[in-house]
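Here are my notes after a look through this one. Have the model open while you read.

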Amino acid sequence: MNVPQLTPAKLVGRTVQLDQLIQAAAHPPSLIVVSGEAGVGKTRLVTEILKTVPLRDRLHLSGGCIESPHPPPLEPLIGALTALPPETLDGLPALAGALAPLLPELAHLLPPPLGPLGDARAERHRQLRAAHALLDHLGSAVLVLEDLHWADASTWDFLRQLTSRLPRQLSLILTDRADNHRPASSRALYHRIPGTLLHEIRLEPLTTQETGEFAAQLLGAETVSDDFAERLHRRTAGLPFAIEEVLRLLTSHDSPPSVQGDRLEQAGLPVPVRDVLLHRLNALPKKARSVVAAAAVAGRAVCLDLLGDITGLDEPDTRHALTLALDHAVLHPSAGATYDFRHSLARQAAYEAICLPERRALHLRTAKALLAHSSPLPLAQIAHHYQQAERSEQYLRYTEAAGDRAEAHGDSTAATEHFHTALHEHPSSRARIRLGLKLGRAAIAAMPHPATITALRRLLTEDHLPLRARGELRLYLGTLMRNQTGGGLDGINEIARAVRDLTPTAPDLAARALSAIAIPSLKGWPLSQHLYCLDQADQLIHRVTDPVQRTAITANRASALMLSGSPDAWEAARALPAQTENPAEEVQLARGWINLAHATTALGHPEGAGDYLAQADDILQRNGIPYLEGLAETAHLLLRWTTGSWSGLAERADRAAALYADIPDLAAEALLVRGLLHLHAQGDTNAARHDLLRAAHSTQLDTGIVLTASAAGIARIHLAAQRHDQARTAANEALHYIRRTDGWIWATDIAPTALHALALMGHLDHAGQLVRDFAHGIDGRDAPAASAALITCQGLLAEAEERHHDAERLFAEGEIAWQRIGRPIDQAGAREARGRCLLPHHPQQAEQHIATAIDIYRRSGATWDISRCQRLLRRHGIVLAQRRGPLGYGDQLSPREAEVALLAAQGHSNREIAARLSVSHRTIEQHVAKAMRKLGVSRRSELAAANPNSA
């Protein structure tokens with residue numbers, strides 16, 4: 001059988017300890033004790049010490065104790081001395097002849113054997129003195145004795161004698177097991193070492209981050225995901241031995257090995273880990289094994305009383321059996337006077353060692369014990385134990401109860417999981433309908449579950465489904481389709497069908513459904529149709545008494561009015577309750593604040609957006625609501641983008657894009673921000689186009705930003721490359737949605753870019769019509785960003801018609817309007833356009849305006865825009881004085897970029913460079929991308945030839 005090979009890994013997480021031990025070992029006489037639990041890496045650390053410069057040329061002697069009820073006397077010492085080179089034994093003192101019976105392989109090299117003393121204890125004492133004399137004779141040497149927790153009495157006698165007066169040139173290194181239950185055995189030696197350098201180190205398991213680094217090295221990868229590292233650490237408790245064996249098993253199943261976290265559990269139990277546990281388990285008496293089996297079935301840390309209830313043992317027997325399990329390192333102390341396995345691998349090995357009939361009986365006893373002695377009841381655990389005991393009725397009852405409790409506490413994701421499980425397995429149609437309604441309510445605020453949509457659709461095919469239940473299920477199904485799974489317009493239509501079912505049976509739910517589809521979207525219905533639904537909801541709201549439903553409807557109403565730019569929106573937002581009565585109402589309130597933040601960001605009310613997000617964040621800190629946390633995070637991303645607060649934004653957008661990849665609208669907003677940063681902050685047009693296209697493709701319930709801003713970004717890329725026709729095409733795709741929905745209030749980003757493309761192509765009639773349509777579409781609406789964009793459009797049209805005075809005046813007005821709403825990039829764009837108008841006739845004034853624009857761009861980090869301004873000035877023979885700061889290097893490499901390019905050219909990975917320069921991995925990616933762009937190369941391997949600093 002071929003054993004899967006892993007890439008040899010460097011020592012991880014032990015640098016400080018290694019340095020300290022090298023210093024101690026390099027100055028004999030010294031005693032070094034390395035302690036820690038099994039598998040923590042004691043032997044590996046000692047191996048690394050012996051390879052270092054201070055120790056590698058000294059004589060190395062190594063021996064180890066063996067695990068046995070009756071270990072051979074002096075086994076580690078004999079093992080170490082037997083391997084002595086013959087040349088080291090010349091000139092030994094006569095006393096060394098006493099070692100001949102212990103070292104028969106070396107007897108011919110030792111002095112003549114000594115005569116018998118007639119007393120066994122005197123003989124053994126003489127042998128120990130002879131060993132001490134031999135080690136003293138060897139001179140500069142390192143003696144390593146491992147696994148002292150298995151040492152026999154004679155070995156301890158020898159160590160006590162040796163450490164009372166260590167040979168002057170000897171470094172003694174001992175490894176010993178220690179854990180939370182039992183300290184290192186070698187502590188008894190410490191008082192016997194006057195004049196000897198003592199160093200003790202307790203090795204701790206690797207942290208989660210160190211586990212990830214170690215795993216990446218073993219797998220030959222640059223990095224592994226945080227999720228993979230966290231799961232691997234959870235499964236192995238950070239023990240290097242367990243990590244290696246789990247990854248070795250993973251590589252035997254997957255080639256190349258998968259670094260998806262869920263594959264760790266699927267890969268199974270490594271044989272060496274299982275064998276270690278079973279070896280310890282088999283050494284236990286029957287009652288101790290029954291306690292271990294009870295702990296394995298319980299599946300969590302357990303107290304003494306619970307172990308007694310599960311096993312049926314009385315308190316003294318349970319305590320004695322538990323002590324034996326602790327002594328054999330099968331169980332370990334845990335928090336709060338409980339006991340557990342060291343890691344999930346050990347629990348799995350112990351669980352798999354229990355025969356199936358016994359498992360079922362133990363699960364049933366565990367469920368009953370938890371019911372009798374736990375408060376509050378661990379409902380999900382009780383359900384699990386009933387399931388494993390094959391008691392279906394109790395299993396389904398407690399699974400549903402666990403879902404009810406989770407929902408009551410605001411944990412919608414956990415509730416969704418429980419309701420799914422019960423719904424999937426329940427045989428009763430009536431119960432399935434009840435569970436389906438609970439599932440729909442919970443799933444709206446939960447992270448997406450892949451089976452929810454399918455489950456709700458299947459329920460809608462049930463025979464004899466009551467009209468109200470059908471309408472409510474349609475409401476939840478449509479909401480999930482619209483919000484979470486990428487079925488925007490289909491979801492709205494599904495909710496509209498729910499209204500027909502609910503109006504005669506549940507007017508309160510009908511009002512909620514109407515208020516939900518009243519929220520407008522670029523991919524929804526025409527704006528007037530959404531507002532008509534809002535009017536219909538207003539007519540029913542007086543019939544709503546449930547506070548959760550009233551809050552949901554009030555939040556939807558305020559969001560719909562704000563997104564449509566209604567002047568009444570602010571009053572509607574103030575109608576939201578300041579305090580709520582339960583977690584379910586808080587969920588709706590948080591959702592309302594976040595929706596309002598999205599709307600106010602899109603329409604140009606950044607202060608309002610910040611206030612709404614602060615209120616939402618306050619609720620989310622008290623209640624973990626994963627989907628809403630994601631929605632709030634993308635709202636923060638958009639607000640920071642539009643207000644020019646870009647520091648750290650790329651890393652944050654990157655995390656959000658990965659974390660919410662399965663939720664289309666959240667992923668789209670994160671990709672939009674990341675793509676726009678690629679463009680404006682880094683000038684990486686290829687990466688920008690990739691992210692912006694993905695954002696436009698992903699968005700479903702677009703509420704005014706993603707489609708328009710992504711199309712505008714792509715169009716700006718085309719305009720910069722003189723591809724005017726392609727810019728117009730990109731803009732027209734977004735304008736199509738604007739015209740179809742009459743959503744001109746959302747044209748802030750796309751209208752100026754589209755008009756610029758039309759003007760450059762000479763299509764001034766179309767440009768004029770676009771300005772008129774835009775002005776008509778936002779008339780009477782409270783949309784400051786759209787109003788500022790309209791002024792910019794009017795300035796661009798005046799510039800194209802060569803009305804330079806009017807254009808300069810309009811751009812000045814636009815600059816003020818953008819500044820007023822806190823959008824510095826657009827403000828700088830208006831100042832840049834103002835300077836552009838003046839360049840032909842007033843170059844000095846133009847230079848001042850464009851220099852001011854560059855300063856504004858620089859404060860946000862908009863390097864691409866700065867480069868455009870500089871090129872514009874150079875075309876008119878103007879070169880600005882070099883400005884200090886990291887963004888003033890133009891097409892030349894900054895000092896940091898040059899340093900990073902040099903390291904990259906030398907073959908260092910981004911992660912290695914980041915560690916060396918103490919910056920983030922993401923920052924190094926940006927520096928490498930900028931260096932490659934400025935040097936005109938497309939591969940890292942070309943940096944050396946292109947970079948003059950690499951010579």
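**Notes on the model**

1. Let's start with Ala337, which counts as exposed because its relative accessibility is 59%. Keep in mind that this is a predicted model. Ala337 sits in the loop between strand E6 (332-334) and strand E7 (338-340), and its phi is near 60 degrees, a positive value in a residue other than glycine. Most residues other than glycine have a negative phi.

2. Glu802 also deserves a look: its phi is positive, about 60 degrees, although Glu802 is not a glycine. You'll find Glu802 in the loop between helix H38 (784-800) and helix H39 (804-820). Buried or exposed? Glu802 is exposed, at 61% relative accessible area.

3. Next, the peptide bonds. Most are trans. The bond from Pro28 to Pro29 is cis, with omega near 0 degrees, and Pro29 lies in the loop between H1 and E1. The bond from Ser375 to Pro376 is cis too, with omega near -5 degrees; Pro376 belongs to the loop between helix H16 (356-373) and helix H17 (379-388).

4. Back to the big picture. The protein chain has 46 helices and 7 strands, and its C-alpha trace spans about 120 × 80 × 50 Å along the principal axes. Of its 951 residues, 55% count as buried. Taking contacts between residues at least 6 apart in sequence, 66% join residues at least 24 apart.

5. On to the packing. The largest nonpolar core has 253 residues, and Val292 is among those with the most contacts inside it, as are Leu247, Phe341 and Phe774. What does Val292 touch, leaving aside residues up to four places away in sequence? Its contacts are Leu281, Leu284, Ala325, Val330, Leu331, Phe341 and Ala350. There is also a second, separate core of 39 residues, including Leu59, Leu61, Leu102 and Leu106.

6. Helix H2 (residues 42-51) is worth a click. Its buried residues are Lys42, Leu45, Val46, Glu48, Ile49 and Leu50. Their cover includes helices H1 (15-25) and H3 (53-56), along with strands E1 (30-36), E2 (59-64), E3 (141-146) and E4 (170-177).

7. Ser698 is found in helix H33 (residues 685-698). Ser698 counts as buried because its relative accessibility is 19%, and the cut-off is under 20%. Its side chain reaches the backbone oxygen of Arg694 at 2.7 Å. Beyond residues up to four places away in sequence, Ser698 touches Pro664, Ala668 and Leu671.

8. Last, charge. There are 98 positive and 104 negative side chains, with the centres of the two sets 1 Å apart.

Conventions:
Residues numbered from 1 in each chain as written. Predicted model: local features only at pLDDT ≥ 70, side-chain atom pairs only at ≥ 80, totals over all residues. Heavy atoms only, no water. Buried < 20%, exposed > 50% of the residue type's maximum accessible area, 1.4 Å probe, protein only. Helix = DSSP H or I, 4+ residues; strand = E, 2+ residues; numbered from the N terminus. Contact = heavy atoms within 4.5 Å. Core = buried A, V, L, I, M, F, W, Y, C linked by side-chain atoms within 4.5 Å. Lys, Arg positive; Asp, Glu negative; His and termini not counted. Charge placed at Lys NZ, Arg CZ, Asp CG, Glu CD. Polar contact = N/O pair within 3.5 Å; in protein donor to acceptor, adjacent residues only side chain to side chain.
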